[in-house]
Amino acid sequence: MDAIQPGPTVFVLFGATGDLAKRMVLPAFYQLNEAGLLPADWRLVGNGRGDVSHLDFRQYVHGVLQEFGPTPDPERWTAFADNLYFAGGGFATDDPGSMLDVIAHVRNGIGHDAQLVHYLAVPPPAFQPLTGALAQHGLTDNARVVYEKPFGTSLQGFRGLDDAVHRVLDESQVYRIDHFLGKEATQDLHVLRFANKLFEAAWSREHVKAVQIDVPETLDIADRAGFYDATGAILDMLVTHLFQVAAEIAMEPPASLGADDLQAARESVIAAFRPLDPAEVVLGQYDGYRATDGIAADSTTETFVAARLWVDTDRWRGVPFLLRTGKQLAASQQVVSLLFHDPAGPLKDLPRNGNVLQFSLAGSGTVRVRMVVKEPGVTLAFGVSDADIDLATVRDGHPVPPYARLIHDVLLGDRSLFTRPDGLRHVWDVAGPLLDHQPTPLPYPAGSWGPAAADALAAPDGWLLGTTDR
């Protein structure tokens, strides 16, 4: 099926020279260009406090792509770069800088009715001031506004931001981005479950004994120390990415995969998440974290979190959802695992964790089925074998990275993979007890699997990743 072509668009990127823009947003935008998924008529307007010429901004973007990819095609670069502009002088309620003049100029080139898309690749404290400035300067009418995570840092902060946003924007204009929902394998969860009776019939507590959502990272926080120390693993990963993936697994079948039905199913199951018990959460901080430039010598910010989450629905009651993530761990992976009960029957002493359905969310994604098999030979001995399906190799597939997919959805006005305020409100209800009574972070060696205390959360099965490496 051919992709739908978005109409003429002015894409305004706030924080255009910041870390998020250079690592994620600008490369994703160029990837869309290379895939032929941008509108026929488009302009990208970067914004920042500095007085940067259009030419200098184009050279900056070229350098970003050379560093973070994809490397610009020399024959195609000029046509792409000619659509890049910069509006300097900042952007505030009392002073729009050069933004209004630049937008007026680019609209002259592609039409005054071109769709406005504002992407706020800025720290969360800037969300409210920028939203107010957009309204003050008449840039919210029929516009779409993309907000990065976290959308608030507490229930009170969420409510304040949500009220400020809805004072000037209709909910249909708001796109709260979580790039884990844009991953190919996350979306394939729906297809695998709802299009295959083999898995749909087993998707419940009758068959599944535990769910693990495990996102360890080998990276440190050196390049974003200020942001991370004010955020930590709970806000950066747990209540955003991991909760959203848990909702994808735990949701009831939606009436359709349309935006309204899919969002309703996702937010409904988040409402059934039981508030976290701090006694079922382990926090950690890797050795050497406090020695990082920009980190206080007495910082108690957690760089690791493991939690046991319960979903109080008939489908999942009593099944632990085990969530784990952290920095400076032994591996970088993004894995969702459904661990199945051993079948009743004549076979005893089956291998531990021999029945698993696993999804790697990294890259284009991989589906792995782990099963118990007979070891070849004259005796009845059991072994475990894995069968992998690399989603990148599916015939006629054209995978795109998560940020590119979600930006394309914004250009089309498709909100299926974006979060709604009711679900986020429930997220803060779930996280509230933990945020109010955080356990003391335990130290762990860089390159390990985190504090050993987290192993108890996954008992008796153990974490599928790293269990044998203690």
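Tutor: In this predicted model, contact means heavy atoms within 4.5 Å.

Student: Which residues does Gln263 touch, not counting residues up to four places away in sequence?
Tutor: Gln263 is found in helix α10, residues 259–270. Leaving out residues up to four places away in sequence, the residues that Gln263 touches are Arg415, Ser416, Phe418 and Arg420.

Student: Is Gln263 buried or exposed?
Tutor: Buried means under 20% relative accessible area. Gln263 has a relative accessible area of 1%, so Gln263 is buried.

Student: How far is the backbone oxygen of Phe418 from a polar atom of the side chain of Gln263?
Tutor: Phe418 is among the residues that Gln263 touches. Between the backbone oxygen of Phe418 and a polar atom of the Gln263 side chain, the distance is 2.8 Å.

Student: What should helix α2 span, at 1.5 Å a residue?
Tutor: Helix α2 holds 15 residues, 54–68. The expected span is 1.5 Å times one less than the number of residues.

Student: Where do the buried residues of α2 lie around the axis?
Tutor: The buried residues of α2 are Phe57, Arg58, Val61, Val64 and Leu65. They cover an arc of only 115° around the axis, so they lie on the same side of α2.

Student: Which exposed residues does the face of α2 turned away from its buried side carry?
Tutor: The buried residues of α2 pack against α1, β2, α3 and β3. The face turned away from that buried side carries the exposed residues Leu55, Gln59, Gln66 and Glu67.

Key
Residues are numbered from 1 along each chain as its sequence is written. This is a predicted model: local features need pLDDT of at least 70, side-chain atom pairs count only at pLDDT 80 or more; totals for chains, interfaces and linings use all residues. Side-chain values use heavy atoms; hydrogens and water are left out. Helices (H or I, at least four residues) and strands (E, at least two) are DSSP runs, numbered from the N terminus. Buried means under 20% relative accessible area, exposed over 50%, partly exposed in between (1.4 Å probe, protein chains only). A polar contact is a pair of N or O atoms within 3.5 Å; within protein, one must be able to donate a hydrogen and the other to accept it, and residues adjacent in sequence count only if both atoms are side-chain atoms. The arc is that of the directions from the helix axis to the C-beta atoms.
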